[in-house]
Amino acid sequence: MNSKLESPFKVNFHELPRRAGEFRQYHLEFSAPQAIGIALLEIPKSEPLDISFKAESVDGGVLLTGEVISHARGECGRCLDPIEFDVNQKFQELFLYSSRVKEVGEDEDEVFSLDGDIADLEVPIRDAVILAMPINPLCQSDCLGLCSICGLKWRELEKDHAHKASDPRWSGLADWKP
Ligand SMILES: [Zn+2]
Ligand SMILES: [Zn+2]
């Protein structure tokens, strides 16, 4: 039995009666076993994850409704400065009893199923965290990014910062301002 719980994302619902309407509150706190996120922004490995949810028995399975709280770090997509991001994302997911999954014959990829009384929350939590993250993380919404020629931050450059257009390939860029 214990070997099935080696992942901290796995929860055993043996205490939850399989009678529609019954529910229990659950609270998980553990360190992320792996980073969760996108290329520019992630909850780093070992960062605390705080997951609280209600598990409710419904016809054929268990409905989980809750939220995940953590902290992500990454870099601005324009200027590459370090940024931080508070993750506080609600989620709702239905886990079907494995017997019910066979009954309804749904594609196993599209439905979460319980392994006995055990649900693996890793994919739903990962999906919720990624959904919470901005597609283009920025240090501030109006970040000006970097000069495309010298790579310095526009924020730290003079307003009239420019490069001599000695190279004809850059002639069009010399007057360029963000
Ligand atoms: Zn930036
Ligand atoms: Zn420059």
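The questions and answers below concern one predicted protein model.

Residues count from 1 along each chain as its sequence is written, while chains are lettered from A and ligands numbered from 1 in the order written. In this predicted model, local features need pLDDT of at least 70 and side-chain atom pairs count only at pLDDT 80 or more, whereas totals for chains, interfaces and linings use all residues.

Reader: What is the mean pLDDT of the protein?
Author: pLDDT is the predictor's confidence in each residue, from 0 to 100. Here 85% of the residues reach 70 or more. The mean is 89.

Reader: Which element has the lowest mean pLDDT?
Author: Helices (H or I, at least four residues) and strands (E, at least two) are DSSP runs, numbered from the N terminus. Strand 5, residues 48–58, has the highest mean among the elements, at 98. The lowest, 75, belongs to helix 1 (residues 98–104).

Reader: What pattern does the protein follow along the sequence?
Author: The protein has 2 helices and 9 strands. Read in order, they give β-β-β-β-β-β-β-α-β-β-α.

Reader: Is Ile36 buried or exposed?
Author: Ile36 lies in strand 3, residues 36–38. A residue is buried if 20 or more other C-beta atoms, placed from the backbone, lie within 10 Å of its own, exposed if 12 or fewer, and partly exposed in between. Ile36 has 24 within 10 Å, so Ile36 is buried.

Reader: Which residues does Ile36 touch?
Author: Contact means that C-beta atoms, placed from the backbone, lie within 7 Å. Residues up to four places away in sequence are not counted. That gives Glu42, Ile43, Arg126 and Val129.

Conventions. Two residues are in contact if their C-beta atoms, placed from the backbone, lie within 7 Å.
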